[in-house]
Amino acid sequence: MKLNINNNWIKKFNSPFFICGPCSVDKKKYFFNTIKKLYNYNIKIFRAGIWKPRTFPNLFEGIGEKGLKWIKYIKNKYKNIYFAVEVANKKHIKLCIKYNIDILWIGARTTSNPFLMEKISKILKNTKKIILIKNTMHNEINLLFGAIQRLNLNNINNIGIIHRGCYNYNNNIDYRNFIEWNIYEKIKKFNSKIPIILDPSHIAGKKKYIYKIIKKSLIFNYQGYMIESHIKPSKALTDNLQQIKPKLINKYINFILKNKLKYLKKNNKLKIQRLKIEEIDKKILLSIYNRNKISLKIKKIKNKNNIKIHQKERFKILLNKYKKLAKKFKLSVKYILKIFNIIHKISINIQNK
Ligand code: PEP
Ligand code: MN
């Protein structure tokens, strides 16, 4: 399907542009002070979660329409500022239109659902508002592309994509979401005109990783950044571990502005491929970590049943399987067997401990 993407909307913002603000609007005092501080640091586009998709019930699900009234008040006070709000249904969209919200974004959980995307696209039909769409929770990029096609089929053209990473099963010890740098390249190949925005907050999940992600991102040409900020992160009712104070936002933005051009002038082709290799290496390490956890469970079962830790026959069978797979995947059998010998050793060692 031929896409019709209009990216003129980015011209009204500086490049790169920054969308900052709380994960969700909570206390009035926090919200107003967060925006005030960010505004004083020259932020002009704000994010504000009004309805929050929560994994479990009975948690804070957003402040609702009251928050939109606060936004209206703030927009009157500061002038020439823009607000972005997540929408997932008809009520959200109608209210955002009523309160003149400038940018609507579609969250990762919504992008993955073609039924919802079909509905939302129909409700938004012909809108000239800026619609930002996040990549899906898991790395199924075609659901994102299908969602964009659905928007486009309903004559919605002012589109941008937010790259927010993909689920990491090891988020307790690592980033909340894998970065999946290849998402950037896949989008560019799908359509080179769609502006791509990086959301390091939801990739990081923890404050301390945000800077690292931003630093790495400079070799790509992200046209914008969406970063969560809250005046009192520890008091935030959602994503409190990843929200940063406005002062830190200012520091990171200055870093991006100071360094972006410098990075972009260089030929980054090799660096980009290397970043992708590092992502895969991290996944290999995390796979060994996951494997070890199972090894420890096996240790318990063996001990309980008086089974010897080292099972020669079983390992032989495994090596044979992996030899076949190595051949199938066109990998060096010799080295793959070496790798599995070492992985096996790691496992035996922790079982013997
Ligand atoms: C958010 O931006 O607060 C959010 C819910 O993000 P995502 O849809 O990327 O999980
Ligand atoms: Mn959030």
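The centres of domain 1 and domain 2, taken over C-alpha atoms, are separated by 38 Å in this predicted model. The domain assignment, which is automatic or taken from a database, places domain 1 at 8-265 and domain 2 at 269-352. Local features need pLDDT of at least 70 and side-chain atom pairs count only at pLDDT 80 or more, whereas totals for chains, interfaces and linings use all residues. Residues are numbered from 1 along each chain as its sequence is written, and side-chain values use heavy atoms, with hydrogens and water left out.

**Interface between the domains**

- Domain 1 contributes 15 residues and domain 2 contributes 12 residues to the contact, where contact means heavy atoms within 4.5 Å.
- About 1,300 Å² is buried between domain 1 and domain 2, with 61% of that area coming from carbon and sulfur atoms; buried area is the accessible area (1.4 Å probe) that two parts lose on being put together, summed over both.
- Three salt bridges are counted between domain 1 and domain 2, a salt bridge being a side-chain nitrogen of Lys or Arg within 4 Å of a carboxyl oxygen of Asp or Glu.

**Nonpolar cores**

- The largest nonpolar core has 75 residues, of which Phe31, Leu68, Ile71, Phe83, Ile133 and Ile148 touch the most other members; such a core joins buried Ala, Val, Leu, Ile, Met, Phe, Trp, Tyr and Cys residues through side-chain atoms within 4.5 Å, with buried meaning under 20% relative accessible area (1.4 Å probe, protein chains only).
- Another core, of 15 residues, lies apart from it and includes Trp9, Phe17, Ile130 and Ile162.
- Leaving aside neighbours within four places in sequence, Ile133 is in contact with residues including Ile106, Met117, Leu144, Ile148 and Ile162.

Note on methods: Chains are lettered from A and ligands numbered from 1 in the order in which they are written. Buried means under 20% relative accessible area, exposed over 50%, partly exposed in between (1.4 Å probe, protein chains only).
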